[in-house]
Amino acid sequence: MNRLTLSVVALVVAVLPFAPLFLNTYQVDVLNSIGLYALLALSLNLILGEAGLFDMGHAAFYAMGAYTAAILNTHYQIPILWTLPLSGLAAGAFALLVARPVIHLRGDYLMIVTIGVGEIVRIALVNDVFGITGGANGIFGISRPKLFGWVIRRPEEFFYLIWGFVALTIFLFLRLKQSRFGRALNYLREDEVAAEGSGIDTDAYKLAAFGLGAAWAGMAGTLFAAKMTIISPESFSFWESVMLFMIVILGGAGSVLGVLLAAFLVIGLPELFRELAGARMLVFGLVMMVMMVVRPQGLWPAQTPRISLAALTGARKP
Amino acid sequence: MPASGISPISPIHSASPLVEEFLQQLTNGLAVGGIYALIALGYTMVYGVLKLINFAHGDLFTYGAYLGLTLLTSLALTDRLGFALGVLVLVLMVMGLVAVLGAILERAAYRPLRESPRLSAVVSALGASIFLQNTLMLIYGARFQVYPDDILPTATLNVLGLYVPLMRVLIVLASVGMMVALYLFIQKTRIGAAIRAAAIDQGAARLMGIDVNRVILLVFLLGPALGGVAGLMVGLYYGQVNFTMGWVYGMKAFTAAILGGIGNIPGAMVGGLLLGVIEALGAAYVSIAWKDAIAFVVLILILIVRPTGLLGERVADKI
Amino acid sequence: METLVADGMSPARVPTEGMSLLVLRDLTKRFGGLTAVNAVSFAVEEGSVVGLIGPNGAGKTTVFNLITGHYRPDHGQILFDDRPLAGLRTHRIIARGIARTFQNIRLFQRLTAIENVLAGCHYRMRSGIVGGMLRLPAQRREEREALDRALQELEFVGLQSQAAVLAKNLAYGDQRRLEIARALATQPRLLILDEPAGGMNEQETEALIGLIAQIRARGVTILLIEHDMRLVMRACEKLVVLEYGGKIAEGTPDQIRRDPRVIEAYLGAGDDD
């Protein structure tokens, strides 16, 4: 990273925590939306960007988390934030279950399956599967989250909850990226045959990528349910999955900073040009086509090399 | 309702309403299946030659439906030429226009990415799909568009004692006819042989003097032409169309192509008809609410059990 | 315990002189109507360098792909260290002690050289998702050790100065050597090289012959496919010749050079330098 981008990043990091002080409620709410999409896109980035698995049904895992949280909260009165790990587990387990039989499928076939899974989940939610999802109307009356006795109600309060979680996610994911696990996902993306031929259990890592990415999306679902207090199937449509896919690709697959930037652009920009809202998707479609020709690596591609020379020489010393 | 044209003296009807109902669902399934099959041909041909899922193909189908509506109403074809000739002219115009759209799509979205990684082409295809869909939305609006019902024939036809809507019979006949014509074209002509050669090995085909770019262009003319007609059929059959319908129909047609064996033209026909029937019967006898999930379940099952499809052959991966 | 089937081998598996590390027995693989490998049998002695040669399309790479589990044999047996490999997935076979390179270089192109070699260290490491996220002391130590090992392997093939260079930016010969380093990082007992000199110039090939000798000196057994006859004749002590999927000859380079069937099938076309 050069000095200019570094100082821009530093500035954003320094200013963002104070955003609720100088932005109005609506603007803070937009930032909250961006935060949620950033979380979801970061979770998809593990699957799509790091492991190179075409997941275009990510909204299904998001939905699993949101519904798990909503059902546990409204039926069993479990405080919404306590459901966070459970939603993560539910979404992750669901991902493992559906991915297991199809994990060996090649690129675009896997993508078609994930689209199918996303649609089946949405249709199941609309049809009030098991009588617990509330059908097309969804679930309402989800209670407000409480943190250390403080009830989170206003967008300014949610801002800290959501962006706190985003910050934690960035911290953990950046570390994961530079670990044995993160590297294994990259090997998978670069060349599956060579990865398997270097002793890496590629099927296990593909599943792990799906499980972890889905679990994180599930936790984002909990935050979404807490923020909205009402959820319905239309929040988890195919276009939601497409939007997330787009954020990861536009930002730069495998690039944490790129994905964050793209979340700001894709979710934030349309809010600035509201009079053109109708043409929003048209522009996105066009941008996707042009980007693939002009800049397929994304706006802000992953930084390389990730293991610095200093670390290399450091390793040789006892 | 399909059952409205049935006279009480129909022998099958008086014999058993259950059989009657079943046969109605079956013919309905065949008509919808014929439409799926026509769209599936476009997916399967492009996949055969480029190994690319043309995500925007479903939207070209939608363009067929919208262009058909606009031409039908603005030119008043059926008023001037009569129903049969009017629809025939309409079909040819829609085929031509959507074929041109297909060729433009290939030029704009896929040709620049011929040498790029798979992901790039997939993303571009998706972008093209979103772009095409939203262009329609901006032109026509987001609401359902309705085909004028005074133009559509409401007659029913007596097929061996079963009263079937005329449109349904026409759709089945026309789609099967076009599929057979395409199959013969691919199998019996020199150009068809070139397409087959390019599908097997592009490099070798090029060495044999085949202009692969022209083959690809041809595939992007033929597939969308058939897909466009399928869109027109949906408009004429159901009477209303929507700018997002291409994605649902597209996914189902793609399922049909996989079901039959992707890259395989008879496979697309078999898969389309089969999926149409499965879906119609599933909706009638299992659950109408889950109708749209049936195709996806079929898709996932076939990919787990037999990813090469019913008629596909297994090919070893080169390492 | 697996049954021990190797010829006249004591169950205790005492490492004796000339013990067979790899035994192929009656190996057959068909693709549709084509028999790519037809009842091929041969053995690779521990500590030796064996060359698998034959004209293009003779089934050499298929034999490699069968050994490393990329394909399943239709018939026959593969014994590694007296234990059958059949049915194991590739990464399990690698963990048994076999490593390979690929005919068309398969590096992780957009990763650095050192990251490529670290792939070979992977299966001996432990840390998972939680360890990676929390970066605990045990994980950091493991990471340091792996990095150290990977650097050693880079140094071994002479690429230490290129550690931070992306694989795709390396020269062709360097890419081949990087693949060898990655394979060696798995600490194999048997190294399988698929046309290691492919695309190399004379100088690079000369260096490769030296590298093969060095690998052998580390106690690693080598099985290689190569078209460059000078390399094969100098580096290998035993050659196995395939034609149309079947074995037509086996012996020392000198024997093979004089074998009339081999000359007819393979060397006859004027490759007689």
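## Fold and dimensions of chain C

In this predicted model, the secondary structure of chain C consists of 10 helices and 10 strands. The radius of gyration of chain C is 19 Å, close to the 19 Å that the globule rule gives for 273 residues, so chain C is as compact as a globular protein of that length. Taken along the principal axes, the box filled by the C-alpha atoms of chain C has sides of roughly 65 × 45 × 40 Å.

Of its 273 residues, 47% count as buried, and among the contacts in chain C with a separation of 6 or more, 68% are accounted for by residues 24 or more positions apart.

## Packing of helices α8 and α10 in chain A

Two packed helices are described by the angle between their axes and the distance between the axes. In chain A, helix α8 (residues 180–190) and helix α10 (residues 202–228) have axes that come within 10 Å and cross at roughly 110 degrees.

## Residues at the helix contact

On the side of α8(A), the contact is made by Ala184(A), Leu185(A) and Leu188(A), while α10(A) contributes Thr202(A), Tyr205(A), Lys206(A) and Ala209(A). By residue class, the contact of α8(A) with α10(A) divides into five nonpolar residues, one polar residue and one charged residue.

Technical notes
Residues are numbered from 1 along each chain as its sequence is written. Chains are lettered from A and ligands numbered from 1 in the order in which they are written. This is a predicted model: local features need pLDDT of at least 70, side-chain atom pairs count only at pLDDT 80 or more; totals for chains, interfaces and linings use all residues. Axes are lines fitted to C-alpha atoms, for helices over the stretch in contact, and angles run from 0 to 180 degrees between N-to-C directions. Helices (H or I, at least four residues) and strands (E, at least two) are DSSP runs, numbered from the N terminus. Two residues are in contact if their C-beta atoms, placed from the backbone, lie within 7 Å. Ala, Val, Leu, Ile, Met, Phe, Trp, Tyr, Cys and Pro count as nonpolar, Asp, Glu, Lys and Arg as charged, and the others, Gly among them, as polar. The radius of gyration is taken over C-alpha atoms; the globule rule is 2.2 Å times the number of residues to the power 0.38. A residue is buried if 20 or more other C-beta atoms lie within 10 Å of its own, exposed if 12 or fewer, and partly exposed in between; C-beta atoms are placed from the backbone.
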